[in-house]
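Hi,

Here is the structure I promised to pass on.

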Amino acid sequence: MEPKKAVSSPGGTGDKKEDRLDRVQQGVRQRLEKWLKNTPYRFNPDTSTVDTIIKGLALRKLKYGEEYCPCRVVNNEDKGKNKGIICPCIYHEEEIAQGGICFCGLFVGTNYKPE
Ligand code: SF4
């Protein structure tokens, strides 16, 4: 009997993982777009930064089940300690007030001045 070949055609295991990541990224983006409507903030005008951070949030959602900040360390011992770093984290308001941008660079305020 011949050994089974790894499936690499469309519809294979790899594609399903990619599709899942794409779907989660879309969900993250939609949730944050909705959230932004009720804030004075907006996404960083640098769209590649936004794409990178949203992908990071989606990967954390897939790994941990929550959209933890991709720029901060997740506490694996005590999950309860991570509540404050679910995006938008508890630090974003202060960070944006001080520097115009959150730590990851996903959200900016009206005071944001690109370098
Ligand atoms: S630093 Fe920005 S991207 Fe990271 S969790 Fe806070 S608000 Fe979200």
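Starting at the N terminus, the elements of the chain follow the order α-β-α-α-β. That makes three helices and two strands, where helices (H or I, at least four residues) and strands (E, at least two) are DSSP runs numbered from the N terminus.

Before the details, two housekeeping notes. This is a predicted model, so local features need pLDDT of at least 70 and side-chain atom pairs count only at pLDDT 80 or more, while totals for chains, interfaces and linings use all residues. Residues are numbered from 1 along each chain as its sequence is written.

On confidence: pLDDT is the predictor's confidence in each residue, from 0 to 100. The chain averages 91, and 88% of the residues score at least 70. Residues 5-9 are a stretch to treat separately, with pLDDT below 50; beyond near neighbours in sequence, they make three contacts in the model. Two residues are in contact if their C-beta atoms, placed from the backbone, lie within 7 Å.

Now the inside. A residue is buried if 20 or more other C-beta atoms lie within 10 Å of its own, exposed if 12 or fewer, and partly exposed in between, with C-beta atoms placed from the backbone. Of the 115 residues, 20% count as buried. A nonpolar core is a set of buried Ala, Val, Leu, Ile, Met, Phe, Trp, Tyr and Cys residues joined through C-beta atoms within 7 Å. The largest one here has 19 residues, and Leu57, Cys69, Ile96, Cys102 and Phe107 have the most contacts inside it. Helix H1 (13-36), helix H2 (47-64) and strand E2 (107-108) each give two or more residues to this core, and H2 gives the most, with four. In general, nonpolar side chains tend to be buried together in soluble globular proteins.

Leaving aside neighbours within four places in sequence, Phe107 is in contact with Tyr41, Phe43, Asn44, Pro88, His92, Ile96 and Cys102.

H2 itself has 18 residues and reaches 25 Å from its first C-alpha to its last. That is close to the 26 Å expected at 1.5 Å a residue, the expected span being 1.5 Å times one less than the number of residues. Its buried residues are Ile53, Ile54, Gly56, Leu57, Ala58 and Arg60. Tyr64 is also found in H2, but Tyr64 counts as partly exposed because it has 14 C-beta neighbours inside 10 Å. Just after the helix, Gly65 takes a positive phi of about 85 degrees.

Then there is the ligand. Which residues are closest to it? They are Cys69, Cys87, Cys89, Cys102 and Cys104, out of 14 that surround it; a residue is near a molecule if its C-beta atom, placed from the backbone, lies within 6 Å of it. By class, this shell has 13 nonpolar, one polar and no charged residues. Here Ala, Val, Leu, Ile, Met, Phe, Trp, Tyr, Cys and Pro count as nonpolar, Asp, Glu, Lys and Arg as charged, and the others, Gly among them, as polar.

Cys89 sits in the loop between H2 and helix H3 (92-99). Is Cys89 buried or exposed? Cys89 is buried, because 21 other C-beta atoms lie within 10 Å. Beyond neighbours within four places in sequence, Cys89 is in contact with Cys69 and Gly84. The C-alpha atoms of Cys89 and Cys69 are separated by 7.1 Å, although the two are 20 residues apart along the chain. Pro88 lies in that loop between H2 and H3 too, and a cis peptide bond, with omega about 0 degrees, joins Cys87 and Pro88.

Cheers
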